[in-house]
Amino acid sequence: MTLAISHDSTVCNLPPFPPELWITIFSLATEIPGLLSYDGPNSSDLPRPLLKEHEHKLLKESLITKRNIILVCKTWNALATNFLYQSVLVTRPAILSSLLVALCGRSSGAVHVGWWTRRLDVLIQDDHCEASDYALLAIIIRRFPNLSIVNLSMPMLPDNDSWLRQLPESVVMALAESCGPSLRVFDCSESVLRPCREDLMKLIIAAPNLSVLHCPICSPSARDKSPSARLDVPVMTKLQSLSLMSVFLRDYLPDDRDANHFPALRKLTYDCIPPPFLDHTWKHFVRLSCANVTTVHLDYSLQADRLQKELDLLSECCLSLNDLVVYIRSWTEINPNLTLPPSVSCLGLYSKLRKAPTFHFMQLFAALRTISGSKLRTVRLLHADAVKDLRENSRDLLQGDLADSTRITFRIEDHEGHLLMT
């Protein structure tokens, strides 16, 4: 197909294609399945930071393609503008002003371009942020009435107390008031700044269709000292995935401790750090709210000998658990003779130690030979570097320890789901 382009104009002499066909082509060229809408719990077992890093790489690549499309000619610019603004990625405070100008000055058909935005990622790591930057961000969010996915990761304000680290109320209220009904995913799990509990509850109340909530830590607030003014956790009938942290569990406990406010919960991610989750309150919460959970991601940072107690708790309370993923500091924290919850069929393991010595793998495989799980079918090593290291430097270990099918009756897979020994 040849396009005739004049030398003195950016207007293309397009073939006689209906605009609808061009729009379909642009959509196919820039689409990133699963990243602009929420269709169910994410199937990836990677730790959240790695998963989000991969997502943002795809978003940047798609954005480059979109920019190239709208620069071809005026006609393509008019047809593809809405694709350009489907996802907005902010990585530096300096771009906030120009983004606001663009949002206020451009339109696509009868609506402003912010109407098309479904996903917002604000990932400001190293730059210095002022209060004025967050005020700009709040104004920008109000230009997005149909946001579905919001990921926030932002640095501290200059005058923030090092303990408080509170996300400005104006940002949270902008989300609640402008796009609450459309919001499906809210994730600030990697942010230094996070909402205070009262602001988070207001957001949740305004977002009845919220399906994913990754805000394991709420910022302390002066309002926390007044229990009578404490907003109750609403019943979240659409929430399927929740992230928690042991020391902040109380932020998610309803006033009626015997009520289940998360009836649709299917995926639980929690950080097991001192003090551990082994108290009565946590056990009661898991029994009440997690009976139908099918996937648990456990970030484990305690002593290796306590891991079995966590597994026993899941065995007792999560009778529908099928997929269990454990993030550990090193492979040596998987002790011999572990007993998995009887319903678990897939176990994912991820070591945070990037370069593990050979004896770590030897201990891991020794533990796997003695692991007990009546329905266990698959163990997957999720660390790509570890898999590469094993295959390149420990072939004898793989062929010796894993080749005997009489001792290991389940598949051991790499991070992509292929047999580890291949």
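**Salt bridges and the parallel sheet**

Glu 316 and Arg 287 form a salt bridge whose closest N and O atoms are 2.8 Å apart; the term denotes a side-chain nitrogen of Lys or Arg within 4 Å of a carboxyl oxygen of Asp or Glu. Because Glu 316 belongs to helix 9 (residues 307–317) and Arg 287 to helix 8 (residues 280–289), the pair ties together parts that are 29 residues apart in sequence. Glu 316 is partly exposed, with a relative accessible area of 41%, and Arg 287 is likewise partly exposed at 39%. Here buried means under 20% relative accessible area, exposed over 50%, and partly exposed in between, with a 1.4 Å probe and protein chains only.

The model is predicted, so local features need pLDDT of at least 70 and side-chain atom pairs count only at pLDDT 80 or more, while totals for chains, interfaces and linings use all residues. Residues are numbered from 1 along each chain as its sequence is written, and side-chain values use heavy atoms, leaving out hydrogens and water.

The whole structure holds twelve salt bridges. One of them joins Lys 202 to Glu 198, with the closest N and O atoms 3.6 Å apart. These two residues are four apart in helix 7 (residues 197–206), which means that about one helical turn separates them. Lys 202 is partly exposed at 28%, whereas Glu 198 is buried at 18%. In another salt bridge, Arg 329 meets Glu 333 at 2.7 Å between the closest N and O atoms; Arg 329 is partly exposed at 39% and Glu 333 is buried at 9%. Glu 55, Arg 119 and Asp 121 are linked in a salt-bridge network.

The protein chain has twelve helices and 16 strands, taken as DSSP runs numbered from the N terminus (helices H or I, at least four residues; strands E, at least two). Twelve strands build an open sheet with parallel pairing, in the order 3-6-7-8-9-10-11-12-13-14-15-16; strands pair if DSSP finds at least two bridges between them. Strand 3 (87–90) and strand 16 (411–413) are at the edges with a single partner strand each, so one side of each lacks a neighbour in the sheet. Within the sheet, four bridges join strand 14 (residues 346–351) to the parallel strand 15 (residues 378–381), and Leu 347 has Val 379 as its bridge partner in strand 15.

Thr 295 lies in strand 12 (residues 295–300) and is buried, at 14% relative accessibility. Beyond residues up to four places away in sequence, Thr 295 touches Arg 266, Lys 267, Leu 268, Leu 321 and Asp 323, a contact being heavy atoms within 4.5 Å.
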